[in-house]
Amino acid sequence: MSEKLRVGILGGTGMVGQRFISLLENHPWFEVVTIAASPRSAGKSYEEAVGSRWKMTTPMPEAVKKITVMNVNEVECVASSVDFVFSAVDMSKDEIRAIEEAYAKTETPVVSNNSAHRWTPDVPMVVPEINPEHFEVIASQKQRLGTKRGFIAVKPNCSIQSYTPALTAWKEFEPYEVVATTYQAISGAGKTFKDWPEMVENIIPYIGGEEEKSEQEPLRIWGHVENGVIVKAEEPKITCQCIRVPVLNGHTAAVFVKFRKKPTKEELIDRLVNFRSFPQEAKLPSAPQQFIRYMEECDRPQVQLDVDYENGMGVSVGRLCEDTIYDWKFVGLSHNTVRGAAGGAVLCAEALKAKGYINRK
């Protein structure tokens with residue numbers, strides 16, 4: 001019998017679910033044994049349920065093609081077959097909150113890509129390089145849910161991954177005011193150009209709900225655990241505009257920062273390239289060897305050249321320049337469906353396993 005943990009994918013037929021399945025092929029710790037989706041997909045083989053809607057550039061893994069898709073609403077049945085689940089279900093927020101808690105109450109840990117529980121006070125929202133200590137709040141969550149093993153952990157919005165790591169690396173210089181504009185790929189909406197031909201040679205200067213997430217979620221990540229809940233940080237104040245651009249994968253951010261302490265360019269670059277944290281120290285399977293790289297070229301990072309840095313799990317920063325109004329400005333790039341979605345959740349699960357929160361049932 002395999003020593004790998006048995007994994008279920010909730011919402012496995014959608015784009016993020018497909019990305020989970022693609023990333024978990026041949027994973028050293030985890031094995032996809034169960035895929036659950038809507039009732040209309042239940043009972044079909046995964047290959048049949050997805051049909052022509054496979055959106056990854058790599059082929060569908062052979063190991064999942066013949067898996068019979070289960071009904072995601074049959075919680076006890078799905079949970080009985082796995083050690084933990086990744087959640088990428090496409091439902092209303094209230095429905096997601098309810099179904100993820102239902103899975104947790106079967107003593108099945110849930111690592112979610114969804115936004116529904118990002119502001120639940122005792123649910124950790126974690127970028128493993130930045131705030132793994134927030135997993136401590138799980139003990140309080142288990143008390144609320146009445147569980148011994150089951151809990152929910154989430155990863156943050158994809159749009160913040162391109163600038164929050166850099167600001168974290170510069171924490172000692174006390175950034176207190178940030179202006180960011182994100183240029184976001186269409187896969188962030190679960191689309192390809194085939195699905196969304198209107199995006200070809202087009203820009204849409206609005207993404208519903210995205211600006212509030214981009215301004216507030218970093219503050220929760222930089223917060224602290226107090227009395228069994230996460231208390232968000234007060235600073236830096238962030239204002240953001242989020243724009244949809246005709247790019248398949250890769251969110252770019254143009255960012256302006258004011259610091260209380262005045263760093264030099266050399267100091268800022270040094271803190272980026274030497275940033276290390278728990279995933280690197282623990283050598284987690286999906287962890288980038290170097291989380292943040294700095295690119296000296298004046299025209300980098302570029303989506304086409306740089307989005308797959310560290311297999312899509314690293315962040316590229318460039319264009320670090322002094323500004324005439326703010327102190328410094330820079331451009332960041334991250335892969336929105338790898339680091340920003342499924343890959344970030346996989347790394348989160350690896351960190352949870354390494355810290356003893358996820359194990360065999």
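Strands here are DSSP runs of E of at least two residues, helices are runs of H or I of at least four, and both are numbered from the N terminus. Two strands pair if DSSP finds at least two bridges between them. The model is predicted: local features need pLDDT of at least 70, side-chain atom pairs count only at pLDDT 80 or more, and totals for chains, interfaces and linings use all residues. Residues are numbered from 1 along each chain as its sequence is written, and side-chain values use heavy atoms, with hydrogens and water left out.

I noted that Leu10 stands opposite Ala36 in S2. I then checked the cover of S2 (residues 30–37) and found six of its eight residues buried (buried is under 20% relative accessible area, exposed over 50%, partly exposed in between, with a 1.4 Å probe and protein chains only).

Next I counted aromatic pairs. Rings of Phe, Tyr and Trp (its six-membered ring) pair if their centres lie within 6.5 Å; planes under 30 degrees apart are stacked, over 60 edge-to-face, the rest tilted. The count comes to 13 aromatic pairs. I looked up Trp170 and Phe330: this pair is edge-to-face, because the ring centres are 5.2 Å apart and the planes stand at 90°. Trp170 lies in the loop between helix H7 (164–169) and strand S7 (175–184), and Phe330 in strand S14 (residues 328–334), so the pair ties together parts 160 residues apart in sequence. Trp170 is buried at 0% relative accessible area, and Phe330 is buried at 2%.

I looked up Phe173 and Phe259 as well, an edge-to-face pair at 6.5 Å centre to centre and 85° between the planes. I recorded both Phe173 and Phe259 as buried.

I found a cluster of Phe20, Trp29, Phe30, Phe84 and Phe86 linked by ring pairs. Lys353 lies over the face of Trp29, 4.5 Å from the ring centre (a charge sits over a ring if NZ of Lys or CZ of Arg is within 6 Å of the ring centre and within 35 degrees of the ring normal). Arg220 lies over the face of Trp119 at 5.8 Å from the ring centre.
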